[in-house]
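Subject: Structure for you to look at

Hello,

Here is the structure I said I would pass on. Please open it first, then read my notes below with it on screen.

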Amino acid sequence: MNIYAMISLLSSILCLFLGNFIFYKNPKNRINQLVALLSFLLAYLLFVEFGYRQAETYYIANLWFIASFIWALTSSLILHTVLIITGRTNLTENKIFISLLYIPSIILTILDLNNKLMHTSMVKEYWGWTYAIQVNSTFYYLSNFWITLLFAVSIILSYDYYRKSEDREKKLAKYIFLALAFIMISGLTTDCLLPALSIRIPELYYTIGALGMAILCYGIIKYRIPPLAPSVVADEIVSTMSNFLVLIDEKMRIKNVNSEGLSLLGYDESEIYGKSTKTIFPEDLDLSKTYKENYPSNFETVIKTKEGKSILVLMSITPIIHKSQKLGVLCIGSDITRLKQEELNRRLLAEQTIKRQEILLDLSRKDLANLSEVMKMFTEISSKTLNVDRVSIWLFNQDKTKIICKDLYNLKTDCHEQDSIVEAVQYPRYFNAIKRSHNLAINDARIHNDTSEFNESYFKPKGIFSVMDIPIWLDGELKGIVCHESLKIREWKFEDQDFASSIAYLISLGLEASERRKVEKKLRASLDEKELLMKEIHHRVKNNLTVISSLLNLQSRYINDKETLDIFRESQNRAISMALIHEKLYQSADLRKITFGDYLRSLTEQLFYSYNISPGINLSMEIEDLDVDINTSVPLALIVNEIVSNSLKHAFEGQKAGNISVKFYKKSDEYELIIEDDGIGFPDNLNFRNVDSLGMQIVNSLTRQINGKITLDKSNSTRFTINFKEKSYL
């Protein structure tokens, strides 16, 4: 719940409290009646505002907003109240005037039911759902004019009354004027002026109205209601109070009992007046102690009725002292038997709810995919928890023509049954009812229209009277029913239905888990089969490339021309570099990626072996073990093959010592490959991006293929740097 909806709810509660408080202060006073009515009306509007602010959908928010159609009546009620407070009773008693005061507001209220007149729509703001009004609506201007007019008249009358009044009336008029001015100015600012300036804030008109009502009620209570003299109304208070009252003299004899007390005890006045307190109070209750020690006390005790019945009461005992003389004891109490029983019921219900929640929590932790065991467990636990004679779970077949009992637990015999079948076509009313209802909780199933079809064939033979049947839904499809059957007439409580619905939900989760497990098993078998096939493909590709490399090696033995021999060797190395890729994939757990650092080590070592390099040529590697996608690995492998092969062939001609280094690492989301040698260097007059060499053409082409950038640094050595980001191929 958002904070703005909470503000509306709290304001609504405040208005309810103010209305009750001001009314019961003086329910016969016309002012109190109107202020109470106004408070209740404002409480309703605030509750509606709470409703549409925290609504989950546009449709619900719009329904809540339509429910606020009576808002226009508030201004008429305010003016009516002000007229009475300011003493203009000649107007309030004039039927024509009252009609003119209320009829326009009633018309606006009726028309507001069709919110299309105001062109209202609901929009979602940060404070929840709110309304948007087309400001050029005629109905909008008319309603605002009427409300503003009534408010303005109310404020003018309040100010005039304040100017002409004195003492208490002047103070009351001040509170009325302040309350109305506060509501009008704040309301116009937050709900009219700021929206007109395109400044959107939460509408606070009703909340401000609640604060204004608090100011108004304070003024009325403090300065309008006259103090009540105890000597004038004491008898009426005693006779009408809802608590029982017993007056006891100094000799501990009953002198007076009010009507509530006589009714509770079952005595007439003549039967109890003058009797000892032991007649109605327990023997061990010593009222004289309170009388002697002059202090009041509150405690729970019992009183005895004329029939000898004991009633639990909350008792307050106060000594009566007049001019320092002890006159007796006043006992005021109330029957708390029902409250104690309700408290006991609430405690038992709370304990029951906690126990059931613990059961549901424990069940939710079980492996629900094992349906046969789950259903036996659910039927038995439901039967014992709810004390139901028979609980069963029925599931529909695939075409929904019948339901099959998967398990039935009998509480009396403590045994399970299953495999009963019910044809759906034989009981159309029942199955239509179960489809359209959240559940069926029927006290007497034999005579109920939805279930009487089972009377002769099922209920009477089994001795069943009451049923509570809960549908099992899964993805919007009715899958089955959880049936609870009682062998006596039973009223199914809300808590029973809630627990049964939770069990039905857990069963639906079990059905879902069972189906998912079957699908996962099939998918796993399929994936394992495909993974094995892919590994076999990579293994065969690697073998084929190895065969090609071997054939090239055999063919090269018959070639005497050095240039042609170099071409064969380069082709052989390219085949080997790709074969290594497929070998790594075959060995990898992930068929989409290889650990490229490990691959680079194997490739460069293979190239050094292939070119029979002098022992003085050293290889250094700074390589991170990074996983690279196969779509990037193949071109990157060929790039490394060409650059390293080029260094081995040309960089150290006529030299017996030198260094080649290979570095591969990742910065943030970018990879960097550096291949460097300290040989004779790349020719200054040669552009590596535009050469006839097939190797460098391959390097440039494959760098573009992986969306990379290649640079050559010839300042101190020959250093190729390739930067690239791995593309996503999903």
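**Around Asp 450**

Asp 450 touches Arg 429, Tyr 430, Ala 433, Arg 436 and Leu 440, leaving aside residues up to four places away in sequence. Asp 450 sits in the loop between β12 (440-442) and α17 (455-462). Is Asp 450 buried or exposed? Its relative accessibility is 11%, and buried means under 20%, so Asp 450 counts as buried. Please keep in mind that this is a predicted model.

**The antiparallel sheet**

Strands of a sheet pair through backbone hydrogen bonds, either parallel or antiparallel.

Five of the six residues of β3 are buried, so the strand is mostly covered. On one side, β3 is joined by six bridges to β7 (residues 325-335), and the two run antiparallel. Within that pair, Leu 245 stands opposite Ile 332 of β7. β3 also pairs with β4 (residues 254-257), again in the antiparallel sense, over three bridges. There, Val 246 is opposite Val 257 of β4.

β3 and β4 form a hairpin, with four residues between them. Which residue in the turn has a positive phi? It is Met 252, at about 60°, although Met 252 is not a glycine. Most residues other than glycine have a negative phi. With 13% relative accessibility, Met 252 counts as buried.

At the other end of the strand order, β5 is joined to β6 (residues 310-322) by eight bridges, and these strands run antiparallel.

**The mixed sheet**

Another open sheet has five strands in the order β16-β18-β19-β21-β20, and here the pairing is mixed. Which strands stand at the edges? They are β16 (617-623) and β20, each with a single partner strand, so one side of each is left without a neighbour in the sheet. Direction ignored, neighbouring strands of this sheet are turned by 10° against each other on average.

β20 pairs with β21 (residues 718-724) in the antiparallel sense, over five bridges. In this pair, Asp 713 has Arg 719 of β21 as its bridge partner. Helix α22 packs on the sheet and touches β20 and β21; its direction makes about 135° with that of β20. A further helix, α21 (residues 630-651), lies across β18 (658-667), β19 (670-677) and β21, and runs at about 15° to β19.

Between α22 (694-705) and β20 (709-713) there is a loop that holds Asn 707. Asn 707 has a positive phi of about 55°, although it is not a glycine. Is Asn 707 buried or exposed? Its relative accessible area is 52%, so Asn 707 is exposed.

Helix α15 (residues 371-386) has 16 residues. From its first C-alpha to its last it reaches 22 Å, close to the 22 Å expected at 1.5 Å a residue. The buried residues of α15 are Val 374, Met 375, Phe 378, Thr 379, Ser 382, Ser 383 and Leu 386. Seen down the axis of α15, its buried residues fall within an arc of 150°, so they line one face of the helix. After α15 comes Asn 387, whose phi is positive, near 55°.

Helix α1 (residues 3-25) has 23 residues and reaches 33 Å from its first C-alpha to its last, close to the 33 Å expected at 1.5 Å a residue. Buried residues in α1 include Ala 5, Leu 9, Cys 15, Leu 18 and Ile 22.

Regards

Terms used. Residues are numbered from 1 along each chain as its sequence is written. This is a predicted model: local features need pLDDT of at least 70, side-chain atom pairs count only at pLDDT 80 or more; totals for chains, interfaces and linings use all residues. Side-chain values use heavy atoms; hydrogens and water are left out. Buried means under 20% relative accessible area, exposed over 50%, partly exposed in between (1.4 Å probe, protein chains only). Two strands pair if DSSP finds at least two bridges between them. The expected span of a helix is 1.5 Å times one less than its number of residues. The arc is that of the directions from the helix axis to the C-beta atoms. Contact means heavy atoms within 4.5 Å. Axes are lines fitted to C-alpha atoms, for helices over the stretch in contact, and angles run from 0 to 180 degrees between N-to-C directions.
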